[in-house]
Amino acid sequence: MPMPRTAPFSRRGLLAAGGATAVGALLAACGSNGGSGSGEAKASAPAGPWTFTDDRRKDVTAKTVPTRVVAFTGTAAALVDFGLDRQIVGVFGETKGADGKPDPQAGDLNVDKVEILGNAWGEFSVEKYAAVRPELLVTHMYEPDALWYVPDESKDKILQLAPSVAISTGRVPLTQPIERYAKLAESLGADPRAKKVTDAKARFEAAAEQLRQAAKAAGGIRVMACSGSADLFYVSNPKVATDLLYFAELGVQFVMPDKLDAGDYFESLSWENAGKYGADLLLLDKRSTALQPKDLAAKPAWGQLAAVKAGQITPWDAVPRFSYAGAAPLLENLAKAVQGAKKVS
């Protein structure tokens, strides 16, 4: 899994969304396609029946092509990048900040035109989900059969309401989930030859080559992907995290933690031991749930890290947007950071 939210967790131990009263009544309502919402999307969608084999090796089927899709916010944003729009009717996961502005992971998703079923880890309103009459649920899968941001406690009720698609986003290179979301979007009616899609793919490929060349010329620069919380400092495993695995394939040299926590995604260190690994450049978790440099300045151990002293810190999207448009800037930013880094450890 990517870096934890605010404390170590298991992907199989997702938090409950709370009581799901009246779900039985809403199940019946969900079976109808009537009412307002995405009528225009249904009219323009491909004809059914519809089948998609997801990364659980499960054949997900429907009599007609789903036009009312609910997804993890970052997943929805990726599907929008590939050409879906009115089909996205609901999202779950960090979507809006306290100021009401879209969370960065929402990308080009219009957050004011979708139902937000939960805006934080552990939040998922089953009642709201049923009320949007979902025809398909889509999310990431970092561990087998563990649906990202779908709480275990209400998972059975949620999965009764509509078919679900899970795309593997762990232990595979970044390009795989991007290609899988592209294929899913196409099956739902998106045009893979649309200019915005082909332009984004060309930018991604150019950015990948830019990072490859930067890494080749880096002269042994060591990068550490990390995240900070109040009590712990996390060092990510580049052999499991999807984006890091791909960056490493392009030649980036990462610090490899040697005492991994359960799940193998990271090693959690006390702040007293934050200097266990030497690194020249820090790839720092930029999510709102992780501490940022201004917050970390209060940690003496943070200020003692060689990369921090050298000012060699660059933001990291620990849960990237799995589309060409979402991933290209990540490659470009890391290439620039590697090019500008000096050996300090």
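Strands of a sheet pair through backbone hydrogen bonds, in either a parallel or an antiparallel sense. In the predicted model, five strands form an open sheet in the order β5-β4-β3-β6-β7, and their pairing is parallel. Strands β5 (115-118) and β7 (164-168) form the edges, each pairing on one side only. On average, neighbouring strands of this sheet are turned by 25° against each other, when direction is ignored. Within the sheet, strand β3, which comprises residues 69-72, pairs with β6 in the parallel sense over three bridges. Alanine 71 has valine 138 in β6 as its bridge partner. Helix α3, formed by residues 73-81, lies across β3, β6 and β4 (88-92). The direction of helix α3 is at about 120° to that of β3.

Empty space in a structure can be located by rolling a probe the size of a water molecule over the atoms. The largest pocket in the model has a volume of about 620 Å³. This pocket is lined by 32 residues, of which Pro104, Gln105, Lys286, Arg287 and Asp317 are the closest to its centre. By class, the lining of the largest pocket consists of 15 nonpolar, nine charged and eight polar residues. Three secondary-structure elements, α8 (242-249), β13 (313-316) and α12 (324-340), each supply at least two residues of this lining. Helix α12 gives the most to the lining of the largest pocket, with five residues.

Most residues other than glycine have a negative phi. Arginine 57 is not a glycine, yet has a positive phi of about 60°. This arginine lies in the loop that connects β1 (50-53) and β2 (59-62). Arginine 57 counts as exposed because its relative accessibility is 80%, and the cut-off for exposed residues is over 50%.

A positive phi, of about 65°, is also found at aspartate 145, which is not a glycine either. Aspartate 145 is located in the loop between β6 (136-141) and α5 (152-161). With a relative accessible area of 44%, aspartate 145 is partly exposed, since this class covers values between the limit of 20% for buried residues and that of 50% for exposed ones.

How values were computed
Residues are numbered from 1 along each chain as its sequence is written. This is a predicted model: local features need pLDDT of at least 70, side-chain atom pairs count only at pLDDT 80 or more; totals for chains, interfaces and linings use all residues. Side-chain values use heavy atoms; hydrogens and water are left out. On a 1 Å grid over the protein atoms alone, a cavity is a set of points where a 1.4 Å probe fits but cannot get out, and a pocket is an open set with protein on both sides within 12 Å along at least five of seven lines; lining residues have an atom within 4 Å of a point. Grid points are joined across faces, edges and corners, and a volume is the space filled by probe spheres set on the points. Helices (H or I, at least four residues) and strands (E, at least two) are DSSP runs, numbered from the N terminus. Ala, Val, Leu, Ile, Met, Phe, Trp, Tyr, Cys and Pro count as nonpolar, Asp, Glu, Lys and Arg as charged, and the others, Gly among them, as polar. Buried means under 20% relative accessible area, exposed over 50%, partly exposed in between (1.4 Å probe, protein chains only). Two strands pair if DSSP finds at least two bridges between them. Axes are lines fitted to C-alpha atoms, for helices over the stretch in contact, and angles run from 0 to 180 degrees between N-to-C directions. Contact means heavy atoms within 4.5 Å.
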